[in-house]
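Dear colleague,

I am passing on the structure below, which you have not worked with before. My notes on what was found in it follow directly after.

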Amino acid sequence: MDWEAFFTVHRGLPREGPGTAEDVAWACGLAGLPEGAVICDAGCGPGGDIAALLDAVPGARVVSVDKSAGFVAEAAARFAGEARVSVVEGDLGALPGAYDMIWCAGALYFLGLRDGLAAMARALKPGGVLAFSEPCFFTDAPGAEARAFWEGYPAQSAEGIAAAVTAAGFDVLGTRKVPDAGWEAYYRPMEARIAALRPDADARLAAMLDLCAAEAVAWRQVRDETGYLLCVARLS
Ligand SMILES: C[S@@+](CC[C@H](N)C(=O)[O-])C[C@H]1O[C@@H](n2cnc3c(N)ncnc32)[C@H](O)[C@@H]1O
């Protein structure tokens with residue numbers, strides 16, 4: 001990956017993966033958190049979900065964690081002066097914990113589902129709640145394009161994901177598909193950035209612009225077959 005070119009495209013975007021404030025509110029509603037709960041935004045990117053987490057849980061404190069120093073700096077700048085938010089550089093596999101809830105949008109699968117669930121379980125308080133989005137097929141017979149979209153990651157059915165969550169020691173509270181609006185909230189600002197950069201792009205940057213643009217096109221072709229399942233589960 002050409003990270004310099006990647007960050008030229010992605011620096012300063014509102015979010016780095018699909019999601020909506022409604023998703024956050026729905027998950028927090030299922031979690032039924034106490035006032036003053038401590039929530040970890042694991043793999044926070046530039047902090048696109050932090051405001052929604054603060055809105056959804058009155059009095060909550062949000063600890064946002066990402067391994068990318070650039071995204072950590074962006075999220076920290078967005079919430080500078082907000083005492084309820086801290087943003088730290090760290091690894092999803094070794095979250096300090098212990099949290100009442102972990103919100104993990106589009107990031108747990110970087111560890112793999114089984115290892116990711118085990119890492120989250122280690123970082124939750126007993127009875128704590130995990131909400132995460134996971135690559136999922138919404139048809140029994142996904143086509144080659146839908147499979148290729150995840151570049152080798154073993155996306156699976158909603159039932160398969162729920163079974164893995166249960167096997168990891170959680171009780172599933174609810175699942176739902178991340179809506180198309182959540183994907184567009186990620187891709188549209190990225191496409192506007194691509195259009196702005198295109199006229200002056202050198203060959204290296206142009207290759208990255210093509211790669212990022214192709215991802216959005218590919219998702220729109222397969223969106224009825226695959227996407228993210230948002231899963232909310234309580235550690236039993
Ligand atoms: C697809 S982005 C999602 C970002 C954010 N949750 C959002 O929805 O806008 C995945 C994020 O996970 C972070 N990430 C990936 N692997 C990680 C790891 N092992 N530890 C910490 N962060 C990680 C990346 O740096 C990136 O910011």
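On one side of helix H7, Glu 159 and Ala 167 are exposed, where exposed means over 50% relative accessible area, buried under 20%, and partly exposed in between (1.4 Å probe, protein chains only). The buried residues of H7, which spans residues 158-167, are Gly 160, Ile 161 and Val 165. They cover an arc of only 140° around the axis, which puts them on the same side of H7; the arc is that of the directions from the helix axis to the C-beta atoms. What covers these buried residues includes H5, E5, E6 and E7, and just after H7, Gly 169 takes a positive phi of about 95°.

Please keep in mind that this is a predicted model, in which local features need pLDDT of at least 70 and side-chain atom pairs count only at pLDDT 80 or more, while totals for chains, interfaces and linings use all residues. Residues are numbered from 1 along each chain as its sequence is written, and side-chain values use heavy atoms, with hydrogens and water left out. Helices (H or I, at least four residues) and strands (E, at least two) are DSSP runs, numbered from the N terminus.

Turning to the sheet, it is open and has 7 strands in the order E3-E2-E1-E4-E5-E7-E6, with mixed pairing; two strands pair if DSSP finds at least two bridges between them. Strand E3 (85-89) and strand E6 (170-177) stand at the edges with a single partner strand each, so one side of each is left without a neighbour in the sheet. Strand E2 (residues 61-66) pairs with E3 in the parallel sense over 5 bridges, and Val 63 stands opposite Ser 86 in E3. Helix H5 (residues 113-123) packs on the sheet, touching strands E4 (99-104), E5 (124-137), E6 and E7 (226-235), where contact means heavy atoms within 4.5 Å. The direction of H5 makes about 155° with that of E5, with axes fitted to C-alpha atoms, for helices over the stretch in contact, and angles running from 0 to 180 degrees between N-to-C directions.

Finally, a search of the whole structure finds 1 cavity of 30 Å³ or more, a cavity being a set of points on a 1 Å grid over the protein atoms alone where a 1.4 Å probe fits but cannot get out. The largest cavity has a volume of about 50 Å³, that is, the space filled by probe spheres set on the points, which are joined across faces, edges and corners. Its lining residues, those with an atom within 4 Å of a point, include Trp 103, Cys 104 and Phe 132. The largest share of this lining, 3 residues, comes from E5.

Best regards

Methods:
1 Å grid on protein atoms, 1.4 Å probe; cavity = no way out; pocket = protein on both sides within 12 Å on 5 of 7 lines; lining within 4 Å.
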